[in-house]
Amino acid sequence: MTLVRAKKHLGQHFLTDKNIAAKIVDSLRPENGYRQVLEVGPGMGILSDFLLQKPELEVSLIDIDTESYEYLQKKYPVLGKRLINADFLEMDFAAYFNGPLGIIGNFPYNISSQILFKVLDNRQQVVEVVGMFQKEVAERCNAKPGSKEYGILSVFLQAYYKVEYLFTVKAGVFNPPPKVLSAVIRLTRNKTEQLGCDEKLFWQVVKAGFNQRRKTLRNALSSLINKEKMTAEPMLDLRAERLSVNDFVKLTNQITANR
């Protein structure tokens, strides 16, 4: 079988170390309530090899790269329709999966944030994510209030998922090697069904706060708040990076009550 070429425009860096691949797959926790697993961007199948050795999992693969898709068709004929040639970001999960879902992948670094927002959009179905990201992105996902890495992605993910930074991966185990360090994280869906506030406004507040993160929230959120009614709100004198998820929920409710 002809090897698949890694394509720069697709952000492909194929993992070559089987020990790391096994470690990533072993980080899945199907006991959290899912059997179906979707691997995103399998490339030549180094993770897939280990996934398909686990009879407790029903594995599907999705790759936008036609060359990878054709390679994997020959490598795993048993998959049939569970091998999908499509764009993960455009995928309608309900059309392919019935019930809880785990997602795994050595994710393309050029669309890593978009992948995470796709997960958030489907948080009622996606129970767990185990994935390789650029180390900087992994640190942002796991960042705590007050740190320079803490931002929009940190708040949105931590509102609905427990985030664990599992381990760092050096560039030399990829072909071609990326110019950055990588890291594997695990997201596990928490018990939060509703945030207890206007969730659309919550997203607006978080985005506006961090889009002008050097300003206090009183200034960054000037278009969203009633300044006269909220002159005494102490959280507005802080910058966005100081607020936890719960603080943002409380602030959103304060804004709603004082409009």
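Let me start with T188, which at 14% relative accessibility counts as buried, the cut-off for that being under 20%. Keep in mind that this is a predicted model. T188 is found in strand β9. Leaving out residues up to four places away in sequence, T188 touches N32, V127, E128, Y160, Y161, K162 and E164.

One of those contacts, E164, takes us to a salt bridge. The side chains of E164 and R186 meet at 3.0 Å, N to O. E164 lies in strand β7 and R186 in strand β9, so this pair ties together parts that are 22 residues apart in sequence. Is R186 buried or exposed? R186 is buried, with a relative accessible area of 8%.

Now the sheet. It is an open sheet of 7 strands, in the order β4-β3-β2-β5-β6-β9-β7, and the pairing is mixed. Which strands stand at the edges? They are β4, residues 83–84, and β7, residues 161–169; each has a single partner strand, so one side of each is left without a neighbour in the sheet. Strands β2 (residues 36–40) and β3 (residues 58–62) run parallel and are joined by 5 bridges. Within that pairing, L38 has S60 in β3 as its bridge partner. Helix α1, residues 18–26, packs on the sheet and touches β5 (101–106), β6 (126–134), β7 and β9 (182–189). The direction of helix α1 makes about 170° with that of β7.

On to the other salt bridges. In one, the side chains of R35 and E58 meet at 3.4 Å, N to O. R35 is in the loop between α1 and β2 and E58 is in strand β3, 23 residues apart, so distant parts of the chain are linked. Both ends of this pair are partly exposed: R35 at 45% relative accessibility and E58 at 33%.

In the other, the side chains of R213 and E241 meet at 3.3 Å, N to O. R213 lies in the loop between α8 and α9 (217–220), and E241 in the loop between α9 and α10 (245–257), so the pair ties together parts that are 28 residues apart in sequence. R213 counts as partly exposed at 25% relative accessibility, whereas E241 counts as buried at 18%.

Next, the nonpolar residues. In soluble globular proteins, nonpolar side chains tend to be buried together. The largest nonpolar core here has 57 residues, and the members that touch the most others are F88, I103, V155, F202, L221, F248 and L251. Helix α8, residues 199–211, supplies the largest share of this core, with 7 residues. What does L251 touch, not counting residues up to four places away in sequence? The list is V205, L217, L221, M230, E233, M235, L236 and L243. There is also a second, separate core of 32 residues, which includes A21, L61, Y71 and V169.

Leaving aside neighbours within four places in sequence, V119 is in contact with I103, V126, V129 and Y161. V119 and I103 are 16 residues apart in sequence, and their C-alpha atoms are 8.8 Å apart in space.

Last, the aromatic rings. A search of the whole structure finds 9 aromatic pairs. F117 and F156 form an edge-to-face pair, 6.1 Å centre to centre, with 75° between the planes. F117 lies in helix α5 and F156 in helix α7 (residues 152–160), so this pair ties together parts that are 39 residues apart in sequence. At 26% relative accessibility F117 counts as partly exposed, whereas F156 counts as buried at 0%.

F156 also pairs with W203, and that pair is stacked: 4.0 Å centre to centre, 25° between the planes. Here F156 in helix α7 and W203 in helix α8 are 47 residues apart, and the pair links distant parts of the chain. W203 is buried, with a relative accessible area of 17%. Taken together, F117, F156, F202 and W203 form one aromatic cluster. F202 has already come up, among the residues that touch the most other members of the largest nonpolar core.

That is what I have; I will take comments now.

Technical notes. Residues numbered from 1 in each chain as written. Predicted model: local features only at pLDDT ≥ 70, side-chain atom pairs only at ≥ 80, totals over all residues. Heavy atoms only, no water. Core = buried A, V, L, I, M, F, W, Y, C linked by side-chain atoms within 4.5 Å. Buried < 20%, exposed > 50% of the residue type's maximum accessible area, 1.4 Å probe, protein only. Helix = DSSP H or I, 4+ residues; strand = E, 2+ residues; numbered from the N terminus. Contact = heavy atoms within 4.5 Å. Pairing = 2+ DSSP bridges. Axes fitted to C-alpha atoms, helices over the stretch in contact; angles between N-to-C directions. Salt bridge = Lys/Arg side-chain N within 4 Å of Asp/Glu carboxyl O. Phe/Tyr/Trp six-rings, centres within 6.5 Å; stacked < 30°, edge-to-face > 60°.
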